[in-house]
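This report examines how two protein chains meet and how selected residues are placed within them. Please look at the sequence and the structure before reading on.

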Amino acid sequence: MQLTVWTYEGPPHVGAMRVATGMEGLHYVLHAPQGDTYADLLFTMIERRDRRPPVTYTTFSARDLGGDTAELFKAAAQNAFDRFQPQAMLVGASCTGSLIQDDPGGLARALDLPIPVVAVDLPAYQRKENWGAAETFYQLVRALAGPSAPAPGASRPERAAGVRARCNLLGPTALGFRHRDDIVEITSLLTKLGVDVNVTAPMGANPADIARLGEADFNVVLYPEIAGQAASWLQRTFGQPFTKTVPIGVSATREFVAEVAKLAGVDASATLASASTRLPWYSRSVDSTYLTGKRVFIFGDATHAVAAARIASDELGFKVVGLGTYSREFGREIRDAAKRYDVEPLITDDYLEVEAKVAELQPELVLGTQMERHIAKRLGVPCAVISAPVHVQDFPARYAPQMGFEGANVIFDTWVHPLMMGLEEHLLAMFKDDFEFMDGAVPSHLGAGHQAADAAKPVRPVELVPAATLAGVTWAADAEKELYKIPFFVRGKARRNTERFANENGVATITIETLYDAKAHYAR
Amino acid sequence: MNVHVQGCIVSVDGAPKPVLRESGQREVFCGLTGIVWLHRKIQDAFFLVVGSRTCAHLIQSAAGVMIFAEPRFATAIMEEKDLAGLTDANDELDRIVAQLIARRPEIRLLFLVGSCPSEVIKLDLSRAALRLSQTFSPAVRILNYSGSGIETTFTQGEDACLASLVPAAPPTRTSEDQLLIVGSLADVIEDQFIRLFDALGIGRVQFLPPRKASALPAIGPNTRFLLAQPFLAETARALEDRGAVRLVAPFPLGVEGTTAWLRAAADAFGVAPALFETVTQPHRIRAERALVRYRDQLDGRSIFLFPDSQLEIPLARFLSRELSMRLVEVGTPYLHREHLAEELRLLPDDVVLSEGQDVDLQLDRCRMARPDLVVCGLGLANPLEAEGMTTKWSIELVFTPIQGYEQAADLAELFARPLVRRAKLVA
């Protein structure tokens, strides 16, 4: 068993639902107990969809367990077909459904429906949501596009002269972080390059579209966590190469454009020259100077975390002090990136481990998921969201891509917003006892909405008693008082550095002098 | 009065009311969802679900929009090795509970909450709770209940939770009759009821659940209890097993329901009718006056209630009798004929009641009827709105102060609001 306060991913059948709900003309019959229909709310409320997800649940209850749950499943599948008339059907079981060992695939085959029925076997006690989405998409692609595959060994015919290159956009699903707008942004970028989109899938595609995937010249993999497996199969089966660069951030988008241009045999120079992104100028303008070296901790799915680290370090001038992912399948990508920033990679799906790491590193900004918001609130650190899991506020009405050149604009605003603004930061370091602008208070531009109910008391985050005050080191009272003159957002770091310095130099009691010796030693 | 069920006719004092009983796909929550409000009600309790990643995902999807510095619930997620019997589930639980209590030393009460997976593999959490209680008492008391979907629907999770508290409650010390109010109520409503009972001369009123686990009410044969919520079948049975006596009453929704509910207590405690009249009259008049505006907005409008929380029948009674709405269909996940007898008696004779659900067939009926207002869960609300219907999402009725005199108009407003909004929006 694993103690889980928050889980970064849902169970794998939720991944399958994300694929089914993103698509059209596909229905998913899920062997699941009463109550598992909560997942509908992810789509109708969090993503605000205006239709019920195309999912039929058997919703068995305790009294059914004594009876024939297999019959129950068959009836549900037959009813779903009769009522919704899908082009294809997915069948599977949720975590409890898998324990009662009915065989949804076999039962659905016995119904002999006149449409393709794809059984997805998702090990609910080993795997998670993204894996479930990837596996479901892969099985669907195999089942639906497989029949039109060329003979093994046959090479792709050359594209006729004058015909525009075509690619598929692979990976966007329902409930994906900013997938809706990333599709728009990348489609328009490709169009500028002179590349047409053949099929975008799973999002917006129907089973007939999936069957046409092989007609494209190459594939664009937007979200490797979901489309990597399907893209590899398409490469083996149809000889379609696929893109490796994920276009999040200015440099990554430029690289992506070059990569696509090479695959499509087009010239990218005009597109690159006309790229309208404000991030570079915003980041160069003097107002951003105070962002230099801000210590940032990054966590999320592998794709977004790696992209965020690159933007943070190279495009905003932050210092990456921690980098991690919950996507165990993508540990290698994170380890490689961590080497680049000389940090210890954190590969875990244990929220408590992430929390401990953030407390230890004492960053000035956390870039993470909805879960890191909880951590950041507890530790009083500014936070911005870069990756799923997210909640309703991260499915905004406005255009808000992460990818491409407009995505970079969105990212600049989002990440800088929670930080205290430069002037306020300066004044706080100079004058600590202001009745309104207090030490540790929430930045004033974040407004009263962030104040505690008692408006007279500004929100003060808990000052963590350092979990690991190094053994044998104590603080003299006046030194501790001096420590409190250091601005709140860097105080934790100063405390740790001073203790480490004292320890390494055999100082038993930290005095004011030790504090400043350490400051000079670690001079930022 | 007598209640008996014939096939699917509920007959109350001779007025038969047909009940449509359906089984099929049910679009409802499981009992784990109760944790979302129970963790706020009992402030020093912690809820540890023993289940799968699905269970963890459910709770955080519901509650995770709030940002918690210190969440008061968690899930012990079972893994492959737990199912294969490679690890001893009890050792694992011990390890996790120790880890949890070390992290949160202020916890006084820990619920081990069963789920579908833990029930299907027959993990005995009640014995685990006993064993762990011996380890951690007196600092932490450990109890167990099941919130699994195969056994419980939505608010039945609260029922199971409160039922588990009953054996842990101390015995009453006096021989005087004690009044106990059962069911989670908003703090403000508890305070209102305390003042009303006080004015009626009914002394020390206690509540289950209490706001602090350390303050469990005493229970004994001299306990008279009023159910404040209609979904407390198990809790009532557990109280009766300890000799407590249920006072027969409708539920305190609206002016009529609140008055009858208070009167049941007043009669049981020998309050003079004149005093009852004096105490309640100003409240009744004020509440009725507040209701007028909403009656104007809701009079004659038709309403269709999908099953969700078991609050549907008392709500339908309030909506039809005090706001003059027309009931198209009143669905409930479970119909406790005895606890709801007083409510059923007050419903119009031609009402269509349904118990259980086949969601697609029920949606067909709803679309056919085109009611002015549909009360349904959040899985259906936006899709029905997109079809041009006006909906009131039902979960809000569990999360909002709706009981008692002062909230009667607030309750009415919850139903008027979507209709007002629909009329307002032009874009």
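Which backbone oxygen lies 2.7 Å from a polar atom of the side chain of Asn222(B)? The backbone oxygen of Glu176(B) lies at that distance. This is a predicted model, in which local features need pLDDT of at least 70 and side-chain atom pairs count only at pLDDT 80 or more, while totals for chains, interfaces and linings use all residues. Residues are numbered from 1 along each chain as its sequence is written, chains are lettered from A and ligands numbered from 1 in the order in which they are written, and side-chain values use heavy atoms, with hydrogens and water left out.

Asn222(B) belongs to the loop between β9 (205-208) and β10 (223-227) of chain B. Strands here are DSSP runs of E with at least two residues, and helices are DSSP runs of H or I with at least four residues, numbered from the N terminus. Asn222(B) counts as buried because its relative accessibility is 7%; buried means under 20% relative accessible area, exposed over 50%, and partly exposed in between (1.4 Å probe, protein chains only). Leaving aside neighbours within four places in sequence, Asn222(B) is in contact (heavy atoms within 4.5 Å) with residues including Thr172(B), Thr174(B) and Glu176(B).

Strands β9 and β10 of chain B also take part in an open sheet of 4 strands, in the order β9-β8-β10-β11 and with parallel pairing. Two strands pair if DSSP finds at least two bridges between them. The edge strands are β9 and β11 (245-246) of chain B, each of which pairs on one side only. Between β10(B) and β11(B) there are 2 bridges, and Arg224(B) stands opposite Val245(B) in β11(B).

**The interface of chain B and chain A**

The size of an interface is often given as the accessible area lost when the parts come together. Chain B and chain A bury about 5300 Å² between them, with 59% of it on carbon and sulfur atoms; this buried area is the accessible area (1.4 Å probe) lost on putting the two parts together, summed over both. The contact involves 64 residues from chain B and 59 residues from chain A.

There are 4 salt bridges between the chains, a salt bridge being a side-chain nitrogen of Lys or Arg within 4 Å of a carboxyl oxygen of Asp or Glu. In one such pair, the side chains of Glu27(B) and Arg52(A) meet at 3.5 Å, N to O. Glu27(B) is found in the loop between β3 (15-22) and α1 (35-41) of chain B. Among the residues in contact with Glu27(B) are Thr37(A) and Asp40(A) from chain A, and Gln357(B) from chain B.

The bridge partner of Gln2(A) in β5(B) is Ile77(B).

**Two further buried residues**

Ala124(A) is found in the loop between β5 (117-119) and α7 (129-145) of chain A. Not counting residues up to four places away in sequence, Ala124(A) touches Pro12(A) and Cys95(A). The table sets out relative accessible areas and C-alpha to C-alpha distances.

| Residue | Relative accessible area | Second residue | Separation in sequence | Distance in space |
|---|---|---|---|---|
| Ala124(A) | 10% | His27(A) | 97 residues | 20 Å |
| Glu27(B) | 11% | Asp88(B) | 61 residues | 35 Å |

Methods
A polar contact is a pair of N or O atoms within 3.5 Å; within protein, one must be able to donate a hydrogen and the other to accept it, and residues adjacent in sequence count only if both atoms are side-chain atoms.
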